[in-house]
Amino acid sequence: MDQNKDKKSTNVNLENTQFFSVQPDQETGVKKILRVVYEALSEKGYDPVNQIVGYIMSGDPTYITNYMGARSLIMKVERDELVEEIMRYYIESNNWES
């Protein structure tokens, strides 16, 4: 009888959907990609601001180094998303939020 009791307690109800929620890291997506690209450009001796602006304006990925996979990372994000993230940070940093 104890064996049956153990089996019943481990049965899973497959008729109901279980929910699982994970809180995202504070730094994800575009922000993380920009950080990695910035670090890669800096380590290779480039001016990260000029190179990132060149990429955003032209769409030419050769403005970004291959070092640390930075070029392939930045190409995963739309250029308008990069501008949006940069603007969001700038606005927050200057306390312009309403």
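The model is predicted, so local features are reported only at pLDDT of at least 70 and side-chain atom pairs only at pLDDT 80 or more, while totals for chains, interfaces and linings use all residues. Residues are numbered from 1 along each chain as its sequence is written, and side-chain values use heavy atoms, with hydrogens and water left out.

**Whole chain.** Begin with the protein chain in a cartoon view: there are 5 helices and 0 strands, in the order α-α-α-α-α. Helices (H or I, at least four residues) and strands (E, at least two) are DSSP runs, numbered from the N terminus. Of the 98 residues, 20% are buried (under 20% relative accessible area; exposed is over 50%, partly exposed in between; 1.4 Å probe, protein chains only).

**Nonpolar core.** Next, select Val37, Ile52, Tyr55, Ile64, Ile74 and Leu82, which touch the most other members of the 14-residue largest nonpolar core. Such a core is a set of buried Ala, Val, Leu, Ile, Met, Phe, Trp, Tyr and Cys residues joined through side-chain atoms within 4.5 Å. Helices H2 (29-43), H3 (48-58) and H4 (70-74) each give two or more residues to this core, and H2 provides the largest share, 6 residues. Centre the view on Tyr55: beyond its neighbours within four places in sequence, its contacts (heavy atoms within 4.5 Å) include Pro61, Ile64, Ile74, Arg79 and Leu82.

**Helix H5.** Select residues 79-93: these 15 residues reach 21 Å from first to last C-alpha, close to the expected 21 Å, where the expected span is 1.5 Å times one less than the number of residues. Within H5, Glu85 is buried at 17% relative accessibility and touches Val30, Lys31 and Leu34, residues up to four places away in sequence not being counted. After the helix comes Asn95, with a positive phi near 55°.

**Rings.** Finally, display Tyr90 and Trp96. Their ring centres lie 5.4 Å apart with planes at 80°, so the pair is edge-to-face (centres within 6.5 Å, with the six-membered ring used for Trp; planes under 30 degrees apart are stacked, over 60 edge-to-face, the rest tilted). Tyr90 is partly exposed at 44%, and Trp96 is exposed at 54%.
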